Amino acid sequence: MQSSIIYVCSMSTSGVGDDNGSGNEQNYRGKRRTREESRSVVVEKMLRKEKTDRLVVKFDPLTGKSVGKIGTSFNNMIHQIVRDTFSPRITRWADVPKTDIEVVYDRLDLKFIYPHDNKIVMDEIEKLQMKALREWRYAMKCHWKKLGGEENKEAPKRTPYKKVDPEQWKALCDFFSCEEQKLGYHSGSGSVGTGYRKEIGLGLHSWAGLTISAKNSHNRKQRPLEGGQGSKTIVAHVYDGVDLVTGELPSVIDTFQQLHCKGNRWRNEYAAEKHDAMTHMRASQPVESAGSVESGDEVAQPKDLEIMTQVLGPRSRHHKGYGSMPRLKAVGGSRATSSRSTYEDREKDKIIATLKEQVASQEEKVAGQAVQLAAQAEQLAAQNRRLNETNEILAQLQKFIPGFQFQPPTGPSSDTSNSLSNN
């Protein structure tokens, strides 16, 4: 950080005394400084410093997230390998070939040591790959928008995103230009969106026309807790606060205060109220022994996590104020039933109930028709039995009375019928 500041000052100073450098100085100041892609330089420096071939990564046993500087480099390496291995035309994690996923693990094994037999850790690594693919696709779409893809879908095709094949970039531009991407993947609104529609004066169909990003932007604003952890996970902030002398981990309540305070002021009243509640609950309970960082691959769980869960409230597969939990397929168990009923769920329930009623009505009709068919079958069987009996009697008469001929009765003739009708 110090070298960067000196570099900026030297550039500014050099441009002051040079008449020809004023334009360069203005261009330099106007250019936004962005973070470059990882090139494994930090990993190579760590390997040389530790004098080893592979770095040992430590993980939080509760969430499976990597911690420490090595953990940060481990996460960055996953993002880099995903960009180098996966095809940019892949838009869903389900479409990623298994061979590409195996390549990611093989390349990680060259630089890092991590527990392959730990389902929680492996699930977190898979989620990091999914996140890397999602962020890479988002960066490419931002590049597409910057080149005017929303107004002219042919314009961005001439300037592919960095390290993307031109043919693949053209296919990706066509994907970004499709109606499904413009309007979003779903329509309707949830219980939160209803108030937003009224606030901005949109009806149901207009709300359905908004993009997913617009809906998600509004939903993110409804979150009562907005921390300042940045790109690092809350778990990483907790383990960065370890006592270097005793090796004890800090309380998650203290970390909560650090992330939700800006200067000497809380970010919002909700965070201040929750912190006071957690502090009072901690004071009323016995002192909990602090967790300490171990020398193995895993680290201990920080203290006061149960207090934070009680105050902030439980949530399925997520510890509020601490981070997401492993997915159910990694830890086993059944999915918890959601207590919230959204607009889409209610509409689906109505449709399912209507379909069930229609099916029940059809089943009743089919049952009635089956009864009628059974009665008709019985009548037909009775007629067949009477016909067989008649045939047997005629056969007996022909046997005992030579030349016997049976003439079945005929209906009245047409003349007789007409005369009867005239009378």
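Tutor: Thr85 has its place in helix α4 (residues 68–85); helices here are DSSP runs of H or I with at least four residues, strands are runs of E with at least two, and both are numbered from the N terminus. This is a predicted model, in which local features need pLDDT of at least 70 and side-chain atom pairs count only at pLDDT 80 or more, while totals for chains, interfaces and linings use all residues. Residues are numbered from 1 along each chain as its sequence is written, and side-chain values use heavy atoms, with hydrogens and water left out.

The side chain of Thr85 reaches the backbone oxygen of Ile81 at 2.8 Å. Beyond its neighbours within four places in sequence, Thr85 is in contact (heavy atoms within 4.5 Å) with Asp100, Val103 and Arg107.

Rings of Phe, Tyr and Trp (its six-membered ring) pair if their centres lie within 6.5 Å; planes under 30 degrees apart count as stacked, over 60 as edge-to-face and the rest as tilted. The ring centres of Phe74 and Tyr114 are 5.5 Å apart with planes at 55°, so this pair is tilted. Phe74 and Tyr114 are both buried, that is, under 20% relative accessible area, with exposed over 50% and partly exposed in between (1.4 Å probe, protein chains only). Ring pairs link Phe59, Phe74, Phe112 and Tyr114 into a cluster.

Note on methods:
A polar contact is a pair of N or O atoms within 3.5 Å; within protein, one must be able to donate a hydrogen and the other to accept it, and residues adjacent in sequence count only if both atoms are side-chain atoms.
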